[in-house]
Amino acid sequence: MRVTQSMLSSNSLRHLSSSYEKLGNYQDQLATGQKITRPSQDPVVAMKGMYYRSNLTENEQYQRNLSEAYLWMDNSEAGLEHASQALERVQYLIIQGKNDTYSDEDRVAIAQEIEQIKQDMVEVANTKVAGRYIYNGTDVDHAPVAKGNPPVVNMNTEDYAVEVSAGLKLKVNVNGDKVFNQALFNTLEGIKQGFSDDTYSAEGMDNLLKDLEGQISTLQAERSEAGARYNRLEMIENRLGKTEVMAKSIISDNEDADIEQVITNLKNQESVHRAALSVGARIIQPTLMDFLR
């Protein structure tokens, strides 16, 4: 095959163009810190990057869901603690009022305080967080307790669940009917009435005290169950945090350029490019037209 001057010139220009392209790729990697800037440069890296980023985005959404779960459970626990203290106060007042040294006027004063505690319990049962009633199950738009003597309870007991991991929904509410039920408000109303009228009976008050102690025991059991779920929520948060770190590490390994290696490749390519230019200058010899200019 006869090799002509034009063939040598075309090949030289083609190789120089390829060399410029490689130099441009290395410069892009240094400027962006990424292995590729277009999917066409490495489809495998691009596809893996899309998959890894999808997993990371999903993980970040679960972490945002955790914030809602914490908000719900923290406020629920605060309400239960307040209710527990209020009922313990009622228990103390009953024992105090049963003392024979107390007069009818003293017991009326106790009845008035219990009435205030009962109204406070209604407010706690109707606690709203971000516009939603947290003790009414999934019926978050309606108050579970209506004011009255005694208050009327219409409690939804369905679980309010938040998805905190793939395929895992965690209950974040407490069963309001175990804490703020009709029996509790009937008991508080009975205690108030027992101290405020002439029908006071030590035996009757003992029965009401027993009922109240049962309500307190149920409330404490519900707090314990909520505490166990809170501990599980913290473990899930810890696991999601570790998953996020690993996901970011994988994305970095897949997409981030090895800067030291890129610099070395760039230097080598620059040397090759200079050599190609030198060789090209020798191959592309001057012609008669160059002297006729």
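## Reading salt bridges, a pocket and a patch

Author: The side chains of Glu 115 and Lys 192 form a salt bridge, at 3.1 Å from N to O. Keep in mind that this is a predicted model.

Reader: What lets two side chains pair like that?

Author: Side chains of opposite charge can pair when their charged atoms come close. Here the cut-off is a side-chain nitrogen of Lys or Arg within 4 Å of a carboxyl oxygen of Asp or Glu.

Reader: Where in the chain do Glu 115 and Lys 192 lie?

Author: Glu 115 is in helix H3. Lys 192 is in helix H5, which covers residues 182–196.

Reader: Are Glu 115 and Lys 192 buried or exposed?

Author: Both Glu 115 and Lys 192 are buried. For that label, the relative accessible area must be under 20%.

Reader: How many salt bridges does the structure hold?

Author: There are 13. One of them joins Glu 113 and Arg 89, with the closest N and O atoms 2.7 Å apart. Glu 113 lies in helix H3 (residues 104–125) and Arg 89 in helix H2, so this pair ties together parts that are 24 residues apart in sequence.

Reader: How exposed are Glu 113 and Arg 89?

Author: Glu 113 is partly exposed, at 28% relative accessibility. Arg 89 is also partly exposed, at 33%.

Reader: What distance from N to O does the salt bridge of Lys 98 and Asp 206 have?

Author: That distance is 2.2 Å. Lys 98 sits in the loop between H2 and H3, and Asp 206 sits in helix H6, so the pair ties together parts that are 108 residues apart in sequence. Lys 98 has 26% relative accessibility and is partly exposed. Asp 206 has 34% and is partly exposed.

Reader: Now pockets. What shows where empty space is left?

Author: Roll a probe the size of a water molecule over the atoms. In this model, the largest pocket has about 210 Å³ of space. It is lined by 14 residues, and the closest to its centre are Asn 55, Glu 58, Asn 59, Thr 243 and Ala 247.

Reader: Which helix supplies the largest share of that lining?

Author: Helix H6 does, with seven residues. H2 and H6 (202–255) each supply at least two. By class, the lining has eight nonpolar, four polar and two charged residues.

Reader: Which residues make the nonpolar surface patch?

Author: Leu 30, Ile 259 and Ile 263 make it. The patch is about 210 Å². Ile 263 is in helix H7, residues 259–283. Its relative accessible area is 39%, so Ile 263 is partly exposed.

Reader: Last topic: distance in sequence and in space. How far apart are Gln 85 and Ile 216?

Author: In sequence, Gln 85 and Ile 216 are 131 residues apart. In space, their C-alpha atoms are 9.7 Å apart. Gln 85 is in helix H2, residues 43–97. Gln 85 is partly exposed, with a relative accessible area of 49%.

Methods. Residues are numbered from 1 along each chain as its sequence is written. This is a predicted model: local features need pLDDT of at least 70, side-chain atom pairs count only at pLDDT 80 or more; totals for chains, interfaces and linings use all residues. Side-chain values use heavy atoms; hydrogens and water are left out. Patches are made of residues with over 30% relative accessible area and no salt bridge: like charges are joined within 9 Å, nonpolar side chains (Val, Leu, Ile, Met, Phe, Trp, Tyr) within 5 Å. Accessible areas come from the Shrake-Rupley method with a 1.4 Å probe; for residues, only the protein chains shown count as cover. Helices (H or I, at least four residues) and strands (E, at least two) are DSSP runs, numbered from the N terminus. Buried means under 20% relative accessible area, exposed over 50%, partly exposed in between (1.4 Å probe, protein chains only). On a 1 Å grid over the protein atoms alone, a cavity is a set of points where a 1.4 Å probe fits but cannot get out, and a pocket is an open set with protein on both sides within 12 Å along at least five of seven lines; lining residues have an atom within 4 Å of a point. Grid points are joined across faces, edges and corners, and a volume is the space filled by probe spheres set on the points. Ala, Val, Leu, Ile, Met, Phe, Trp, Tyr, Cys and Pro count as nonpolar, Asp, Glu, Lys and Arg as charged, and the others, Gly among them, as polar.
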